[in-house]
Amino acid sequence: TFAETLRELARRAGVTLEERTPEQRQSDDHLGRLRDACAQAAVFFHTLLMTAPQAGPCRDYLRDKRGLTDATVLGWQLGYSLPHLSAKSFTPQELIDAGLLIENEAGRRYDRFRGRLMIPIRDDRGRVIAFGSRSLDGSEPKYMNSPQTALFDKGRTLFGLDRARAAIRNEQVAVLVEGYMDVIGPQQAGFANVVSGMGTAL
């Protein structure tokens with residue numbers, strides 16, 4: 001079994017395995033919940049982009065101004081945000097911790113992203129950990145990211161690394177660009193070793 005293999009390898013390497021504490025298990029469970037919330041939000045936003053009438057301008061923007069194909073939109077799971085993110089299986093605090101809700105000083109909670117192009121940000125294993133967004137109506141800020149969370153460390157995240165890592169390894173070169181579309185466009189054109197940082201956080 002996995003556990004037996006782990007113990008045997010640890011014995012060979014002279015490593016002492018320690019049982020996880022209840023606090024560590026609770027923390028791991030919480031992180032798992034946050035990952036689930038981000039993953040479900042990505043599906044929700046993508047479904048809105050593909051089906052909601054309000055997302056028509058966003059679809060036009062991606063096709064006409066950015067030149068993205070349907071396959072690229074699908075592959076990157078690009079989305080569109082509308083208020084009232086479904087939270088059937090998550091507590092408001094979990095959605096706040098995942099960076100999807102904001103709570104103001106008066107205790108009012110609301111969706112962080114509304115009426116925006118949504119770009120899932122993934123860790124190097126391909127799991128959604130945050131979102132980048134772009135306004136389409138000229139409202140500020142033009143670009144807005146998820147906040148720093150237990151899942152998302154802006155200074156340690158490279159956008160597109162989960163897709164680019166094999167090409168970077170093979171070519172021994174990584175091309176670092178500035179923004180999300182600067183990664184998605186070149187990757188669509190066949191340049192698979194392109195990634196971007198999270199602005200000045202890098």
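Biologist: In what order do the four strands of the open sheet stand, and is their pairing parallel or antiparallel?

Modeller: The model is predicted: local features require pLDDT of at least 70 and side-chain atom pairs pLDDT 80 or more, while totals for chains, interfaces and linings use all residues. Residues are numbered from 1 along each chain as its sequence is written, and side-chain values use heavy atoms, without hydrogens and water.

The order is E1-E4-E5-E6, with antiparallel pairing. Here strands (E, at least two residues) and helices (H or I, at least four) are DSSP runs numbered from the N terminus, and two strands pair if DSSP finds at least two bridges between them. At the edges stand E1 (79–80) and E6 (143–145), each pairing on one side only. Inside the sheet, seven bridges link E4 (residues 116–122) with E5 (residues 128–135). Pro120 faces Phe131 of E5.

Helix H2 (residues 22–51) lies across E1, E4 and E5, at about 35° to E5. Such angles run from 0 to 180 degrees between N-to-C directions, the axes being lines fitted to C-alpha atoms, for helices over the stretch in contact. H2 also packs with H3 (residues 56–65) at about 85°, the axes lying 7 Å apart. The two helices are therefore roughly perpendicular, a term for angles of 65 to 115 degrees. Leu48, Leu49, Met50 and Thr51 of H2 make the contact with Cys58, Arg59 and Leu62 of H3, contact meaning heavy atoms within 4.5 Å. These residues divide into five nonpolar, one polar and one charged; Ala, Val, Leu, Ile, Met, Phe, Trp, Tyr, Cys and Pro count as nonpolar, Asp, Glu, Lys and Arg as charged, and the others, Gly among them, as polar.

Just after H3, Gly67 has a positive phi of about 70°.

H7 (residues 180–188) has as its buried residues Tyr180, Met181, Val183, Ile184 and Gln187. Viewed down the axis of H7, these fall within an arc of 155°, so they line one face of the helix; the arc is taken from the directions from the helix axis to the C-beta atoms. Gly190 follows H7 with a positive phi near 105°.

Definitions and conventions. Parallel < 35°, antiparallel > 145°, perpendicular 65-115°, else oblique. Buried < 20%, exposed > 50% of the residue type's maximum accessible area, 1.4 Å probe, protein only.
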